[in-house]
2 protein chains.
Amino acid sequence: MLIEKYTEGISLKRSVDAGTAEQRKAVQEIIANVRKDGDQALYNYTETFDQVKLEKLAVSEAEIERAVSSISNEAYSIITEAAENIRSFHEKQLRNSWMTTKESGTMLGQKITPLDAVGVYVPGGTAAYPSSVLMNVLPAKAAGVKRIVMVSPPGKDGRLSEAVLAAAKIAGISEIYSVGGAQAIAALAYGTDTIAKVDKIVGPGNIFVALAKREVFGDVAIDMIAGPSEIAILADESALAPDVAADLLSQAEHDVRASSVLVTTSSVLAEEVALEVEKQLEKLPRREIAEAAIRDYGRIILCTDIEEGIHAVNEIAPEHLEIITKDSFEVMAKIRHAGAIFLGRYSSEPVGDYFAGPNHVLPTNGTARFSSPLNVDDFQKKSSIIMYSETDFRENAEKIAGFARLEGLEAHARAIEIRGVK
Amino acid sequence: MLIEKYTEGISLKRSVDAGTAEQRKAVQEIIANVRKDGDQALYNYTETFDQVKLEKLAVSEAEIERAVSSISNEAYSIITEAAENIRSFHEKQLRNSWMTTKESGTMLGQKITPLDAVGVYVPGGTAAYPSSVLMNVLPAKAAGVKRIVMVSPPGKDGRLSEAVLAAAKIAGISEIYSVGGAQAIAALAYGTDTIAKVDKIVGPGNIFVALAKREVFGDVAIDMIAGPSEIAILADESALAPDVAADLLSQAEHDVRASSVLVTTSSVLAEEVALEVEKQLEKLPRREIAEAAIRDYGRIILCTDIEEGIHAVNEIAPEHLEIITKDSFEVMAKIRHAGAIFLGRYSSEPVGDYFAGPNHVLPTNGTARFSSPLNVDDFQKKSSIIMYSETDFRENAEKIAGFARLEGLEAHARAIEIRGVK
């Protein structure tokens, strides 16, 4: 990795697949056909894209049980413990409805209500991650969502990944369908005979899934469209090069377009990390992916002091940020833009990916400037509550009618006056 | 208005303008040109669409002051008092960052940070509403957003509405540009020499503005895409027909596609309201609009009991809901889907439009199933905080590495193990 000096206005090379016009058109056609032909379209597309002829879409309780008994006791117990940690962290985010009361009798507030139904998309194939099931399902559970549906494309044997099914069972859901791609998103958004429609769709997927989510956005809610994984590490001379290099590589192994950036005040660390990355790369099973990511998207940025480093990180707005410096909490307070912030030597990024409890679904591609990790708020909505008392009404009726007339809305003014003014 | 009996599965006729393929193409071209030519494109489009040749985009402090002194003292004081109420309600929504601490030393939490910069679109022409300025700007202010920019298309005299400028002054913002349409959205999303880009764009607009917001979504955050106004009134025999009719008409006067629905357990009220609507319509200045809306989108739905009425309202998921019944709070508790809920005789919908304090930017077209009124959360984002202690790390390192290997991510496991396991 090359070491460069910080200059104002970092523009990271980032790669987000926006899809081609042809892909977009294909997705629109798939959605239209699912809306028209329902289940039949789902069977047809599954045969075409997943090369399997299904006899039913729903995964049975027996299949789920079989999956659970097929994974090792050790794996089952690790997933269960991770689920407990995730559940616990997300339940702490729960908010109450609230209300203010005035002695005049007026009450104003917000009523918090969980969504009725949520669909979770889980990718199939080599990217079948049980952690993704936990991270998408458990916040919805914590929010109080009653119906949580999982969809995932079947393998050529017609089955879903056993680890994914076991994670679903551990997360406490049982409505699962073997269907993936844009067709699954369409079914969740508009419903078929078998799959009742939902109010929000979450979970990662390939470009067709991402484009389909974009298309149905507005008719249902969606989570963010995720780009490749990113890590920035802000470190001073107190950090150890092997740790830093290993963490950079943990993101690089995800995707050839993953972005791994070290921002440091220590030129010694910078040089050591550059060497360590080369050394550790050699023995990685996913070496080809990680090597390409480091070559194309990896950077080491040298800053004159920690304030400059903080500034650089805020410009980057990374998905994951590790702070391995003296006084890491004071540094954290000055970070404005990051999806998740890991403090200190023992908060290696994979701790958060799997186990600590906070969500691993995080804003990528600089969207941490305005987006949040997946959280309980994403599965609840608010309604304003307005109970205006007669006293306050009479006190203010004339002003309210006056404001309405200022905007030329006479019927608004009359709705006030018909109740009598002071 | 016809009176119909409730039947399961209400499907309201609702009209959302999704735009034509030509409009979408035009918007994409405008955005591309603004990205390419910056300010010059803004001047050109303003000349084309607003028929005015501007010499500068920024509205000066002197112009704002002139607008303030041009409106009546009474109007100034009503807008100021409304702003106070809105500010107060939104400040109550503010949340603190939070953290849990374990004796083992691990700390987990959420850091809450306001967005850096927000753009507020304010329509021009006859739809120039000072209330809209307050409702979009003040939640961002309450959230702590430092830079709030307003854009609005100039009239043919090159100026913005005085009431709108005065409301901006009262709301406490001064960065204002005379530019509207898709070109203004493009400028806010990508920046020009004059207009620095923002992180989120909010505010209503015509179809070109709505399509432009959809196009830039992802590069910046946007609020919801609003459809025509809607009101549902859930009333029993305790409601007065003139009140109910006036409130139905207050929404109907907004738009020929506005939806006004009465859901009632009282056939007497149903008949009286039908007559009252006709009667009140006759004398309305915006009669043509309201009459068309009532004819095409107005409905009176008769239910056998209040439970059925609640069910009907939840199926409709209205933007505004008035509950004018006995025990209106008990009824409210059972409402799952509504943007804003107004309780009792004196909570006429216009009370909330202008004055009470809750936001009037609300989810339309059934999106109250998954969306909320504009609120302070819309202008803040969260970052997860993970400070994992050495004790907890050593306790769990093996499990975390195990989970990573379960997913085939060896570099993740090694990032853990390089720090030493128990």
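1. Start with A:Glu410. Leaving aside neighbours within four places in sequence, A:Glu410 is in contact with A:Arg405, B:Glu253 and B:Pro285. The list includes residues of chain B, namely B:Glu253 and B:Pro285. Note that this is a predicted model.

2. Within chain A, the partner to look at is A:Arg405. The side chains of A:Glu410 and A:Arg405 are joined by a polar contact of 2.8 Å.

3. Where does A:Glu410 lie in chain A? The residue belongs to helix H16, which covers residues 410–417. Is A:Glu410 buried or exposed? A:Glu410 has a relative accessible area of 17%. Buried means under 20%, so A:Glu410 counts as buried.

4. One distance for orientation. A:Thr194 is 216 residues from A:Glu410 along the chain. The C-alpha atoms of the two are separated by 49 Å.

5. Next, the annotation. An unreviewed UniProt entry carries a "binding site" annotation that covers A:Gln251, A:His254, A:Asp353 and A:His412. These positions are spread over 162 residues of sequence, and they are also spread in space, with up to 56.7 Å between C-alpha atoms.

6. A:Gln251 sits in helix H9, residues 241–252 of chain A. Its relative accessible area is 0%, and A:Gln251 is buried. Neighbours within four places in sequence aside, its contacts include A:Ser229, A:Glu230, A:Ile231, A:Ala258 and A:Ser260. Also among them are A:His320, A:Glu349 and A:Asp353. From the other chain, B:His412 is in contact with A:Gln251.

7. A:Asp353 is part of helix H14, residues 349–354 of chain A. At 7% relative accessibility, this residue too is buried. Not counting residues up to four places away in sequence, A:Asp353 touches A:Ser131, A:Met135, A:Gln251, A:His254, A:His320, A:His360 and B:His412.

8. How are the chains related? A rotation of 180°, with 0.0 Å of shift along its axis, superposes chain A on chain B at an RMSD of 0.0 Å. The two copies are thus related as by a two-fold rotation axis.

9. Which surface do the copies use to meet? Of the interface residues of chain A, 100% are also interface residues in chain B, so the copies meet through the same surface.

Key
Residues are numbered from 1 along each chain as its sequence is written. Chains are lettered from A and ligands numbered from 1 in the order in which they are written. This is a predicted model: local features need pLDDT of at least 70, side-chain atom pairs count only at pLDDT 80 or more; totals for chains, interfaces and linings use all residues. Side-chain values use heavy atoms; hydrogens and water are left out. Copies are superposed by least squares on the C-alpha atoms of residues with pLDDT of at least 70 in both. Contact means heavy atoms within 4.5 Å. Helices (H or I, at least four residues) and strands (E, at least two) are DSSP runs, numbered from the N terminus. Buried means under 20% relative accessible area, exposed over 50%, partly exposed in between (1.4 Å probe, protein chains only). A polar contact is a pair of N or O atoms within 3.5 Å; within protein, one must be able to donate a hydrogen and the other to accept it, and residues adjacent in sequence count only if both atoms are side-chain atoms. UniProt positions are given in the numbering used here, feature names are shortened, and annotations may be inferred rather than shown by experiment.
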